[in-house]
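Visitor: I am new to this structure. Please walk me through it, step by step.

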Amino acid sequence: MSISLPSNSPLLKTSFTFGVATAAFQIEGANQLDGRIESIWDRFCATPGKVLNGDDGTIACDHYHKWQEDIDLIKSLGVDAYRLSIAWPRLMDEEGNANPKGIAFYRNLLERLKANEIKTFVTLYHWDLPQHLEEKGGWLNRETAYKFKEYTQLAAEELGQWVDVWTTFNEPWCTSILGYGEGIHAPGLKDDVKARQAGHHVLLAHGLAMPILKRICPNAQAGIVLNMSKAFPADSEASSKMASLYAEALDNHFFIEPLLKGQYPDIIKALSPELIPQIKEGDMAIIKQPIDYLGLNYYTCNHAKWHSELKRQTILKSATEVEYTHIGWEINPESLTQLLLELHQQYTLPPIYITENGAACDDKLIEGEVHDEQRVRYLNTHLNAIHNAITAGVDIQGYFAWSLMDNFEWAEGYSKRFGLVYVDYETQKRSLKASAKAYSNLLLSR
Ligand code: FCB
């Protein structure tokens with residue numbers, strides 16, 4: 001089981017960055033320690049029925065205590081970079097003052113990564129909004145964007161020295177649509193119209209934060225990470241073609257178009273004008289800040305069909321036989337190449353990093369080994385899909401496997417394992433899966 005790329009692949013050049021990714025809430029634990037305040041995910045986990053098996057982030061991978069060992073693990077894989085997130089509720093108290101212990105934690109972590117010559121990709125917001133801000137409306141409240149600006153300033157001043165690449169937001173789609181539209185993620189609201197307003201406020205917060213990062217950290221790169229999926233027509237009906245375009249507009253272009261073109265998509269304006277948020281004068285110019293890079297998280301594709309009564313698209317499983325991962329997501333690497341090429345045609349893209357990609361598998365640790373053959377194949381085919389996109393002209397500068405280790409998979413709790421490294425949650429022992437070894441062998445072969 002190995003991962004291999006054509007020997008002349010641009011991915012194998014030293015200028016291409018390979019890394020692994022995690023996020024604070026998913027690995028840290030210690031959510032009541034050293035001055036960390038409550039986040040919307042703590043509250044959501046404590047609400048019965050929201051997270052599978054009632055799992056929560058109290059301990060997670062205990063990374064708050066095992067961070068040194070985890071950095072050794074990252075180093076041992078031979079990666080160039082580590083993508084992590086900072087927990088806003090650990091860095092700042094309710095009054096907006098710095099939490100010295102939270103700052104010390106991230107400073108030590110980043111310092112040690114730098115000492116190990118690992119590039120640091122730091123996300124400011126990977127979904128753990130302080131609960132006290134949710135009580136004032138969370139992302140439905142425009143004020144939250146200005147609070148995010150204050151938090152960004154604090155993080156940049158205190159930690160900027162050790163950060164190579166900043167990300168303002170991870171996946172605004174999940175924050176707004178899963179959090180405020182579908183109720184699947186914290187804070188668990190279900191209102192499609194309000195969800196789009198939340199999305200607008202997240203984009204606004206990104207735009208407000210960018211100049212701060214550029215001013216305080218002029219040598220770092222700064223940008224944003226979007227999740228996208230390619231949507232195919234579910235069948236040969238003309239309306240299915242429209243449904244697929246509409247699905248991509250709602251999921252992808254609603255977020256990328258304001259960032260790169262300063263406007264929301266015309267197809268949404270035409271088909272569901274109520275989903276276009278309230279925009280104050282100047283907002284779109286703030287959102288359309290130049291970014292140094294765009295991060296893309298890619299996992300799967302969709303199949304869309306038009307539902308004439310609901311007057312909207314519905315998402316179906318593939319009509320042909322395809323392979324799925326343990327979380328039920330279709331494996332379709334060609335769709336990643338196709339999406340990248342389409343984006344390249346539709347926009348003037350900044351350099352791209354694939355900031356997340358990976359598979360949840362039904363991993364079993366047997367005598368210290370995990371034979372995650374599907375994950376190795378997944379990584380292999382997706383890296384080759386990226387190779388194909390680069391060869392066809394898309395500027396892609398790096399790739400991060402999701403995830404370094406098994407962790408708290410949001411509403412799925414600990415039931416879904418995405419790690420290259422297996423975590424035994426009883427003992428917190430980490431064991432390299434076959435995929436970690438295959439990934440590491442590829443990186444060391446460069
Ligand atoms: C992405 C999230 C990440 C992880 C993966 C599987 O949407 O950014 O935290 O949960 O999915």
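Guide: First, a definition. The radius of gyration is taken over C-alpha atoms, and the globule rule is 2.2 Å times the number of residues to the power 0.38. The model shown is predicted.

Visitor: What radius of gyration does the chain have, and what would a compact globule have?
Guide: The chain has 446 residues. For that number, a compact globule would come out near 22 Å. The value for the chain agrees with this: 21 Å.

Visitor: How many helices and strands are in the chain?
Guide: The C-alpha trace spans about 55 × 50 × 45 Å along its principal axes. Within the chain, the count is 15 helices and eleven strands.

Visitor: At what angle do helix H14 and helix H15 cross?
Guide: H14 covers residues 373-391 and H15 covers residues 434-444. H14 brings Arg375, Val376, Leu379 and Leu383 to the contact, and H15 brings Ala434, Ser435, Ala438 and Leu442. By class, these are six nonpolar, one polar and one charged. The axes come within 8 Å and cross at roughly 35°.

Visitor: Which classes of residue form the shell around the ligand?
Guide: The residues around the ligand include Gln26, Asn170, Tyr299 and Phe418. Glu356 and Glu409 are also among them. By class, the shell has five nonpolar, three polar and three charged residues.

Key
Residues are numbered from 1 along each chain as its sequence is written. This is a predicted model: local features need pLDDT of at least 70, side-chain atom pairs count only at pLDDT 80 or more; totals for chains, interfaces and linings use all residues. Side-chain values use heavy atoms; hydrogens and water are left out. A residue is near a molecule or strand if one of its heavy atoms lies within 4 Å of it. Ala, Val, Leu, Ile, Met, Phe, Trp, Tyr, Cys and Pro count as nonpolar, Asp, Glu, Lys and Arg as charged, and the others, Gly among them, as polar. Axes are lines fitted to C-alpha atoms, for helices over the stretch in contact, and angles run from 0 to 180 degrees between N-to-C directions. Helices (H or I, at least four residues) and strands (E, at least two) are DSSP runs, numbered from the N terminus. Contact means heavy atoms within 4.5 Å.
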